[in-house]
Amino acid sequence: IYQMVKHFKLKTIGQVAASGSAFLLALIFANYFPKETYGEYKYVLALAGGLGAFSLTGLGIAITQASSRGYDRLFKETIPLSLKWGAGSIAVALAIGGYYLVKGNVGLGFGIAIVGTAMPLISGLGLFTSYLNGKKDFGRLTRYASYDTILTALALGVCVLLTKNLLVVLCVYAATNLLFAFIFWKRTLRRDPANDRSDSGSLG
């Protein structure tokens with residue numbers, strides 16, 4: 001019961017931090033970013049998220065279940081797995097980006113290509129949360145996930161205050177998400193090293 005209460009408390013704190021940073025970022029976009037450009041920004045993110053249908057689904061659940069039983073190898077392989085199963089979404093993003101470039105929309109064209117290419121890797125690195133969840137390390141799970149969200153929002157907020165260029169903002173979005181996800185993925189492996197034990201049924 002104590003663990004359940006502790007988990008709920010930490011999860012609530014993390015959700016409040018994430019919601020607060022997302023709300024402040026939305027205010028910055030609403031007050032300092034052109035409305036039409038913001039619509040294009042949201043379109044790119046929604047499109048990149050939708051392309052996730054081409055990626056491996058259920059990997060986060062598989063990692064949580066495997067690591068809870070002491071099979072950690074799957075988590076160590078998240079980067080190659082994400083790139084392998086995200087190849088389809090990357091190809092579609094490049095094709096759509098190329099279409100907009102041909103139409104003369106450089107911001108959308110390069111933006112979709114960059115964010116769409118980075119998204120599978122961002123998603124894969126972000127699975128440190130699933131690994132920590134499986135290890136029941138809820139304290140670090142909450143801290144790392146909150147820091148990741150807050151730092152990314154902070155970087156984007158500063159970027160929006162400095163420029164109104166869609167492509168620059170999208171590049172900062174992709175770069176900061178990749179950077180902070182990698183930092184916390186790497187830190188998770190360093191603080192809680194994953195073993196090489198594998199469970200053949202993890203992805204089955």
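User: Hey, starting with S82: what is S82 in contact with, leaving aside its neighbours within four places in sequence?
Analyst: S82 touches L59, P120 and G124, once those sequence neighbours are set aside. Keep in mind that this is a predicted model.

User: OK. Which helix is S82 in?
Analyst: S82 sits in helix α5, which covers residues 78-85.

User: And is S82 buried or exposed?
Analyst: Buried. The relative accessible area of S82 is 9%, and the cut-off for buried is under 20%, so S82 falls on the buried side.

User: How far apart are the C-alpha atoms of S82 and I122?
Analyst: They are separated by 8.9 Å, with the two residues 40 apart along the chain.

User: Let's zoom out. How many helices and strands does the protein chain have?
Analyst: There are 10 helices and zero strands. Reading along the sequence, you get α-α-α-α-α-α-α-α-α-α.

User: What share of the residues is buried?
Analyst: Buried residues account for 40% of the 204 in the protein chain.

User: And what about contacts with a separation of 6 or more: what share comes from residues 24 or more positions apart?
Analyst: That share is 82% in the protein chain.

User: Switching to helix packing. How do α2 and α10 cross?
Analyst: Helix α2 (residues 35-50) and helix α10 (residues 166-191) have axes that come within 10 Å and cross at roughly 35 degrees. The crossing of α2 past α10 is right-handed.

User: Which residues make that contact?
Analyst: From α2 you have T37, E40, Y41, V44 and L45. On the α10 side, the contact uses L166, V169, L170 and Y173.

User: Which residues make the nonpolar surface patch?
Analyst: The patch is made by Y32, Y147, L151, L154, V158, L161 and L162, and it covers about 710 Å².

User: Which helix gives the largest share of the nonpolar patch?
Analyst: Helix α9, residues 138-162, contributes the largest share, with six residues. L151 is one of the patch residues, and L151 is found in α9.

User: How accessible is L151?
Analyst: L151 has 32% relative accessibility, so L151 counts as partly exposed. Patch residues need over 30% relative accessible area, so L151 clears that cut-off too.

Technical notes: Residues are numbered from 1 along each chain as its sequence is written. This is a predicted model: local features need pLDDT of at least 70, side-chain atom pairs count only at pLDDT 80 or more; totals for chains, interfaces and linings use all residues. Side-chain values use heavy atoms; hydrogens and water are left out. Helices (H or I, at least four residues) and strands (E, at least two) are DSSP runs, numbered from the N terminus. Buried means under 20% relative accessible area, exposed over 50%, partly exposed in between (1.4 Å probe, protein chains only). Contact means heavy atoms within 4.5 Å. Patches are made of residues with over 30% relative accessible area and no salt bridge: like charges are joined within 9 Å, nonpolar side chains (Val, Leu, Ile, Met, Phe, Trp, Tyr) within 5 Å. Accessible areas come from the Shrake-Rupley method with a 1.4 Å probe; for residues, only the protein chains shown count as cover. A salt bridge is a side-chain nitrogen of Lys or Arg within 4 Å of a carboxyl oxygen of Asp or Glu. Axes are lines fitted to C-alpha atoms, for helices over the stretch in contact, and angles run from 0 to 180 degrees between N-to-C directions. A crossing is left-handed if the near helix is turned anticlockwise from the far one by less than a right angle, and right-handed if clockwise.
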